[in-house]
Amino acid sequence: MPNIKSAIKRVAVTEKKDAANISQKNDMRSAVKAAKTGIENNAENKAELVSLAVKKVDKASKNNLIHSNKADRIKSSLMSKAN
């Protein structure tokens, strides 16, 4: 553990940000999975699920949680399965 006051603060801030990043990434993964299952089951609200998943993927990409190319791949995959 750090002894310097600023290092102690950095550890606290890093842990808080890591938790937020993990939470946002998990939300994105859940939305993508829900969209994929909605498409497979031909759910009535599959367009809404895909839209939500794309929104969460874009936000994760914007915050550099995932690479922009991976975000594009995920969105492309969802769109091709939806149509």
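Me: What is the radius of gyration of the chain, and what would a compact globule have?
Reply: In this predicted model, the chain has a radius of gyration of 17 Å, while a compact globule of 83 residues would have one near 12 Å. The C-alpha trace spans about 55 × 20 × 15 Å along its principal axes.

Me: What makes up the secondary structure of the chain?
Reply: There are 3 helices and 0 strands. Going from the N terminus, the order of elements is α-α-α.

Me: How much of the chain is buried?
Reply: Buried residues come to 22% of the 83 residues. To be counted there, a residue needs under 20% relative accessible area.

Me: How do you know whether Gln24 is buried or exposed?
Reply: Gln24 has 19% relative accessibility and the cut-off for buried is under 20%, so Gln24 counts as buried. Gln24 sits in helix H1. Leaving out residues up to four places away in sequence, Gln24 touches Lys59, Ala60, Asn63 and Leu65.

Me: Which residues have the most contacts inside the largest nonpolar core?
Reply: They are Val50, Ala53, Val57, Ile66, Ile74 and Leu78, in a core of 15 residues. Helix H1 (5-40), helix H2 (46-62) and helix H3 (68-82) each give at least two residues to this core. As background, nonpolar side chains in soluble globular proteins tend to be buried together.

Me: What does Val57 touch, beyond its neighbours within four places in sequence?
Reply: Val57 is in contact with Met28, Val32, Ile66, Ala71, Ile74 and Lys75.

Me: Why is the pair Asp58 and Lys75 called a salt bridge?
Reply: The closest N and O atoms of Asp58 and Lys75 are 2.6 Å apart. The cut-off is within 4 Å, so this pair qualifies.

Me: How many salt bridges does the structure hold?
Reply: It holds 2 salt bridges. Asp72 and Lys75 also meet in one, at 3.9 Å from N to O. With the limit at 4 Å, that distance is within the cut-off, so the name applies. Both Asp72 and Lys75 lie in helix H3, 3 residues apart, about one turn of the helix. Through shared partners, the salt bridges join Asp58, Asp72 and Lys75 into one network.

Me: Why are Asp58 and Asp72 called partly exposed?
Reply: Partly exposed is the range between the buried limit of 20% and the exposed limit of 50%. Asp58 is at 34% relative accessibility, so Asp58 falls in that range. Asp72 has a relative accessible area of 44%, so Asp72 does too.

Me: How do you know where the buried residues of H3 lie around the helix?
Reply: The buried residues of H3 are Ala71, Ile74 and Leu78. Looking down the axis of H3, these buried residues fall within an arc of 65°, so they line one face of the helix. H1 and H2 are among what covers them. On the other side of H3, Arg73 and Ser80 are exposed.

Me: What makes Arg73 count as exposed?
Reply: Arg73 is at 54% relative accessibility and exposed means over 50%, so Arg73 passes the cut-off.

Me: What is the phi of Asn42, and where does Asn42 lie?
Reply: Phi of Asn42 is near 55°, a positive value in a residue other than glycine. Most residues other than glycine have a negative phi. Asn42 lies in the loop between H1 and H2. Its relative accessible area is 56%, over the 50% limit, so Asn42 is exposed.

Me: And what is the phi of Asn64?
Reply: Asn64 has a positive phi of about 60° although it is not a glycine. Asn64 lies in the loop between H2 and H3. At 67% relative accessibility, Asn64 is over the 50% cut-off, so it counts as exposed.

Methods
Residues are numbered from 1 along each chain as its sequence is written. This is a predicted model: local features need pLDDT of at least 70, side-chain atom pairs count only at pLDDT 80 or more; totals for chains, interfaces and linings use all residues. Side-chain values use heavy atoms; hydrogens and water are left out. A nonpolar core is a set of buried Ala, Val, Leu, Ile, Met, Phe, Trp, Tyr and Cys residues joined through side-chain atoms within 4.5 Å. Buried means under 20% relative accessible area, exposed over 50%, partly exposed in between (1.4 Å probe, protein chains only). Helices (H or I, at least four residues) and strands (E, at least two) are DSSP runs, numbered from the N terminus. Contact means heavy atoms within 4.5 Å. A salt bridge is a side-chain nitrogen of Lys or Arg within 4 Å of a carboxyl oxygen of Asp or Glu. The arc is that of the directions from the helix axis to the C-beta atoms. The radius of gyration is taken over C-alpha atoms; the globule rule is 2.2 Å times the number of residues to the power 0.38.
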